[in-house]
Amino acid sequence: MTAAYLTTGVLSVLLGLDRVAVLQCMVSRPLVAASLTGWLLGVPLAGFEAGMLLELLWLGRLPVGAVVPPDDTQVAIGATALALTLERLLGLHGMPSVILCVLTAIPLGKIGQYADTRARRFNNRLAELASAAAAAGNARRIERLHLCGLGSFALAGLFTCTAIVAGGTLLLLPLAPLLVGAVRETGLSLQYSFTMIGAAALLGTLNVSRGLFLFGAAFIATLLVIGLR
Amino acid sequence: MAVTRFPLGILLHGCVRSVLQQGSWNFERMQNLGFIYQLLPGLRRIYGPTLPAEVLQRHTEYFNTHPYMATWVAGTVLRLEEKQAAGEAVPLDAAAFRSMVMAPYAAMGDALFWGGLRPLAAVAALLLAIHGEMWAPLLLLVMFNVPHLVCRCSGWLLGYRQELASAELLQRLRLPDAAIWLKEATIVLLGILCALLAARGCEHQELAPFWGLILLPVILFFAWLSRRGVTSFSLVVLITASLLGLALIF
């Protein structure tokens, strides 16, 4: 388990950096991040399923200007690590276990917003120091200060992931055996509700004049095709 | 002094550095350090290893745009800086150009990449994922990153070569229109995705797929709630509590 948690920590830093600070090539999207985490931790299906559940939830929250959206990257990585913990320690596996992990990680993910905001506030200081370096004509120092900013984002990601995994483990070890049966009883309803809620939230934020018509038409046409097939 | 053009290597160096555009994002000056970080190889080429303080101060001012569009600004700024240093008259100085275009470029990039392409790639990947295709994440990465990397790299080259005309080029590309088309395509795929899930749910309950139509007003109601400011988190809590409560009672 130690190796698995270390891998989780490394992934939380690397994928967390992609979220804001480096490249932004979307390896930080929950579907990608959780799948990759699951694959590296030896629970590929759990990671893939956690990513599917989380992908749409905050997709409509755009990282524009000073807006700090919820940290769905760390929620995805943390939920996958929790799924591994439940499998190894309690022998729980399958979609109900993954749903429990995701449900635990989502509220803990609020810590991510706090940590991200703190990282950006810390970087305010770097910007002030860089102004002084610019006045002194010291370009090298400006470069070094800029690279220091990566450290604050890396720490924020690691902190959030650690909080999700530690807090989630403390909550799930006693509660998961009690709740997993109820989650199983909900069948596909709970599983699909994540995607449906995410789709609704995205639909609510995509500002397109004939959006509701397009959505309704696609929805009805697809059901008709399936029904008549 | 004649204005010389940079070798490709310097431009590529700046382009590679652009991946750290938001490395020290801060609330006060946002991407200012990332912007000067990608300009520095070029500035050193123009002014030598010891850069004048006024040049550094000019480019550590407030800067914020879409991270992929920053290369378009940087390329042109570097060219203007080069001309200014050579004493050539420029219609707009580098700092003024940067201040003038960052907001419109941000609006274009946000709408195209964050509002259009990212949701489209995610929903397309989810459509594959619900069929159990484990390579769905790769589809997301490819769909998103081909246009992303083209925009990032071409921004440096075209911004530098076309100078102020690069803004007109971006205007001719009609990126806001492309963003709307991408959003419409996303909405259609979302409709298909939700219908497929609804049909699966019906099949699981041994009902005809048409019963899935019941979910349409529910989703639209949730979309309305979302537009009114109700968060996804609140909806997840509400639905989970309801479903788990029912499961525990019955």
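**Entry 1: ground rules**

I am working with a predicted model, where local features need pLDDT of at least 70, side-chain atom pairs count only at pLDDT 80 or more, and totals for chains, interfaces and linings use all residues. Residues are numbered from 1 along each chain as its sequence is written, while chains are lettered from A and ligands numbered from 1 in the order in which they are written.

**Entry 2: chain A at a glance**

I looked up the secondary structure of chain A and found nine helices and zero strands. Here helices (H or I, at least four residues) and strands (E, at least two) are DSSP runs, numbered from the N terminus. Along the sequence, I read the pattern of chain A as α-α-α-α-α-α-α-α-α. The C-alpha trace of chain A spans about 75 × 50 × 25 Å along its principal axes.

Axes are lines fitted to C-alpha atoms, for helices over the stretch in contact, and angles run from 0 to 180 degrees between N-to-C directions.

Helix α1 (residues 2-20) of chain A and helix α7 (residues 139-185) of chain A have axes that come within 8 Å and cross at roughly 130°. I therefore put α1(A) and α7(A) down as oblique to each other. My scale is this: angles under 35 degrees count as roughly parallel, over 145 as roughly antiparallel, 65 to 115 as roughly perpendicular and the rest as oblique.

Which residues meet? On α1(A), I listed several, including Gly9(A), Val13(A) and Leu17(A), and on α7(A) the partners include Phe153(A), Gly157(A) and Cys161(A). Two residues are in contact if their C-beta atoms, placed from the backbone, lie within 7 Å. By class, this contact of α1(A) with α7(A) has nine nonpolar, five polar and no charged residues. Ala, Val, Leu, Ile, Met, Phe, Trp, Tyr, Cys and Pro count as nonpolar, Asp, Glu, Lys and Arg as charged, and the others, Gly among them, as polar.

**Entry 3: α6 against α7 in chain A**

Next I checked helix α6 (residues 110-135) of chain A, which packs on α7(A) at an angle of about 170°, with the axes 9 Å apart. That makes α6(A) roughly antiparallel to α7(A). I found 17 nonpolar, five polar and three charged residues in their contact.

**Entry 4: chain B**

Chain B has ten helices and zero strands. Its radius of gyration (taken over C-alpha atoms) is 24 Å, well over the 18 Å that the globule rule gives for 250 residues, so chain B is more spread out than a compact globule. That rule is 2.2 Å times the number of residues to the power 0.38. The C-alpha trace of chain B spans about 85 × 30 × 30 Å along its principal axes.

I also saw domain 1 (8-182) and domain 2 (209-250) in chain B, with bounds from an automatic or database domain assignment. Their centres, taken over C-alpha atoms, are separated by 40 Å.

**Entry 5: α5 against α6 in chain B**

The axes of α5(B) and α6(B) come within 7 Å and cross at roughly 155°, and the two helices are therefore roughly antiparallel. Among the contact residues are Phe113(B) and Leu117(B) of α5(B), with Met143(B) and Phe144(B) of α6(B).

**Entry 6: where the chains touch**

The contact takes 83 residues from chain B and 84 residues from chain A. On the side of chain B, α8(B) gives the largest share, 19 residues.
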